[in-house]
Amino acid sequence: ERRWGGAPGRKVRKHKAKGISLVGKIVFALPAFALAAAMLFHHTYQTKFYVDDVGMSPQLFALVNAVVRSMDLFAYPVTGWIVDNSFVLFPRCLRGRRRPFFILLSPLVAMLFFFLYSPPKLTPAGAAVYYGGISMIYNMMPLSLSYNALGAELSDSYDEPGEVFGWKHAAACFGMMAGVLTPGIMSIFEAEDHMLSFPAFALFTGVLIVVLFITLAIFTSSSVTEEEITGKALSLKEARAERHNRAWWFGSLGALREKPVRLPRHSPASSWCDC
């Protein structure tokens, strides 16, 4: 089936609706378990860990945490634009719109999560710098953004994405329970030594994130194609002209939000056809 879209006079191929198998729904849902476990563990225990175990004062931790969380206000629009306007052509193992983020970012997210809960012995000021730097980078990783965006692209059907997200939310519920209960249970067996049990939980959860996201990248693909993205893309010359319509720092996110920049085919970075 074909439909008209993108640039005038250009035909864009549209996928026919395909049903998602039970295995496909489970493969998509399972990363939500690991993400929810990490998320709820992080939000529940980070204050206690850095104040009681690492030695930061409550006031210092609150200040650093507020700065870290405030950065999300600026980071999310940028990372969201990058995620929605990128399509990798080469190498073949990374080809796709969401797959490269799953394969490349999941190990980085797992590593940062482990580093958060295995800090070296530092002074309170050093711990504040360590926590602030690692947390800021960790929060800016668009892994969850890519994952949530994929759910609506798995099928052309109107109803099926809702069922897919239902499986995802069910897995996330179990993940939240694991994130709250498991560290406490581990602390009992480790004589309440959080410096041993928390890094062990972070390591296990990080490995789970990597395995589940790489599995998702291998066994699923979205229904959005390169043609549907690049059909409305601007050339670099057009993009430079477009920026004068907006403030320079906001131009790429505002004026180009609906028209991603297409790199020339002869460019050394042409494997990223949209960025």
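Good morning. Of the 275 residues in the protein chain, 44% count as buried, where buried means under 20% relative accessible area, exposed means over 50%, and partly exposed is in between, with a 1.4 Å probe and protein chains only. Please keep in mind that this is a predicted model, in which local features need pLDDT of at least 70 and side-chain atom pairs count only at pLDDT 80 or more, while totals for chains, interfaces and linings use all residues. Residues are numbered from 1 along each chain as its sequence is written, and side-chain values use heavy atoms, with hydrogens and water left out.

Let me begin with the overall layout. The protein chain has 10 helices and 4 strands, and helices (H or I, at least four residues) and strands (E, at least two) are DSSP runs numbered from the N terminus. Read from that end, the elements run β-β-α-α-β-α-α-α-α-α-α-α-α-β. If we take contacts, meaning heavy atoms within 4.5 Å, between residues at least 6 apart in sequence, then 73% of them join residues at least 24 apart.

Now to the aromatic rings. A pair of aromatic rings is described by the distance of the centres and the angle of the planes. Rings of Phe, Tyr and Trp (its six-membered ring) pair if their centres lie within 6.5 Å, and planes under 30 degrees apart count as stacked, over 60 as edge-to-face and the rest as tilted. By this rule there are 20 aromatic pairs. One of them joins Phe41 and Tyr45 in a tilted arrangement, 5.3 Å centre to centre with 40° between the planes. Both residues sit in helix α1 (residues 22-54), 4 residues apart, which is about one turn of the helix, and both Phe41 and Tyr45 are buried.

Which parts does the pair of Phe41 and Phe201 tie together? Phe41 lies in helix α1 and Phe201 in helix α7 (residues 194-219), so this pair links parts that are 160 residues apart in sequence. Phe41 and Phe201 are both buried. One aromatic cluster includes Phe41, Tyr45 and Phe201, with Tyr117 and Tyr138 also among its members.

Finally, we turn to the surface. Leu181, in helix α6 (residues 160-189), counts as exposed because its relative accessibility is 51%. What is the accessible surface of the protein chain? The total comes to about 14700 Å², of which 66% belongs to carbon and sulfur atoms, with areas taken from the Shrake-Rupley method with a 1.4 Å probe, where for residues only the protein chains shown count as cover.
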